[in-house]
Amino acid sequence: MVKEIPRATAKRLPIYHRYLRYLYNAGKTRISSTELSDAVKVDSATIRRDFSYFGALGKRGYGYDVEYLLQFFGKTLNQDRLTTTALIGVGSLGNALLNYNFRKSNNVRIGAGFDINPDIIGTVHSGIPIYSIDELEEQLEMQAIEVAILTVPQEYADGIMERLIAAGIKGVLNFTPLRFEVPDTVRVQNVDLTNELQTLIYFINQEDIADQLSRD
Ligand code: ATP
């Protein structure tokens with residue numbers, strides 16, 4: 001069992017994982033810490049120490065077993081489990097997310113969209129089927145979806161959230177400006193794009209004012 005991994009080591013895991021996958025796909029079965037060091041630009045002593053946290057002690061003159069390490073890191077990083085999420089509200093932002101569909105990740109994707117607009121229900125957007133919001137509970141259960149992305153207008157968000165909680169959702173990525181009170185079994189992550197942008201602009205303006213004052 002892996003216990004406490006130092007943060008710095010944990011941060012390097014995806015780098016090792018990506019390169020090991022590349023080696024594995026290229027048919028390579030083993031690699032030395034020196035070779036790995038050259039490829040990922042981490043010194044070989046650090047690699048040996050990082051790997052030792054996982055009990056992966058390379059054999060002298062043999063190096064590390066690529067397949068073993070790949071499987072090991074895949075599990076540690078949860079990369080071998082694909083999480084399918086549902087997107088609720090296929091408007092402008094929802095569509096952008098469907099189109100994006102986290103393509104750079106190999107462990108999360110949007111698998112279903114939900115909306116009330118009859119013009120889009122039953123259609124496929126960016127390869128993802130759009131269901132009626134009336135089918136929410138049924139589809140979540142059938143597709144074993146535990147995570148939802150909320151991009152409906154704010155006035156509908158509360159009602160949808162209640163339904164999601166009742167349906168046993170575990171996590172919600174909330175793009176609406178509403179803030180929810182949820183039971184301990186549900187985790188909500190709020191993303192307020194307007195707020196983020198305004199905060200950024202606020203700080204830039206503050207810096208401009210400070211500059212001006214220091215010049216005056
Ligand atoms: P659009 O240009 O398509 O109107 P928008 O992002 O400005 O995009 P919004 O009014 O924010 O549109 O609505 C986002 C999406 O949420 C729309 O596609 C709308 O049909 C959908 N929607 C509204 N109410 C609900 C609801 N109760 N359940 C599910 N989807 C809903």
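## Salt bridges

A salt bridge here is a side-chain nitrogen of Lys or Arg within 4 Å of a carboxyl oxygen of Asp or Glu. Side chains of opposite charge can pair when their charged atoms come close. The model is predicted. A search of the whole structure finds 5 salt bridges. Three of them are described below, one at a time.

## Glu137 and Arg163

Which residue does Glu137 pair with? Its partner is Arg163, and the closest N and O atoms are 2.8 Å apart.

How accessible are the two residues? Glu137 has a relative accessibility of 30% and counts as partly exposed. Arg163 is also partly exposed, at 26%.

## Lys170 and Glu146

Lys170 and Glu146 meet through their side chains in another salt bridge, with 3.2 Å from N to O. Both ends are in loops. Lys170 belongs to the loop between α7 and β8 (171-174), and Glu146 to the loop between α6 and β7 (147-150), so this pair links parts that are 24 residues apart in sequence.

Lys170 has a relative accessible area of 48%. Buried means under 20% and exposed means over 50%, so Lys170 is classed as partly exposed. Glu146, at 33% relative accessibility, is partly exposed as well.

## Glu35 and Lys28

Glu35 forms a salt bridge with Lys28. The closest N and O atoms of this pair are 3.2 Å apart. Glu35 is partly exposed, with 37% relative accessible area. Lys28 is partly exposed too, at 33% relative accessibility.

## The annotated region

What does UniProt list for residues 15-54? The unreviewed entry gives "DNA-binding region" for this stretch. Over residues 15-54, the chain is 70% helix and 5% strand.

## Two domains

The domain assignment gives domain 1 as residues 7-76 and domain 2 as residues 83-195. How far apart are the centres of domain 1 and domain 2? Taken over C-alpha atoms, 37 Å separate them.

How values were computed: Residues numbered from 1 in each chain as written. Predicted model: local features only at pLDDT ≥ 70, side-chain atom pairs only at ≥ 80, totals over all residues. Heavy atoms only, no water. UniProt positions renumbered as here; feature names shortened; annotations may be inferred. Helix = DSSP H or I, 4+ residues; strand = E, 2+ residues; numbered from the N terminus. Buried < 20%, exposed > 50% of the residue type's maximum accessible area, 1.4 Å probe, protein only. Domains from an automatic or database assignment.
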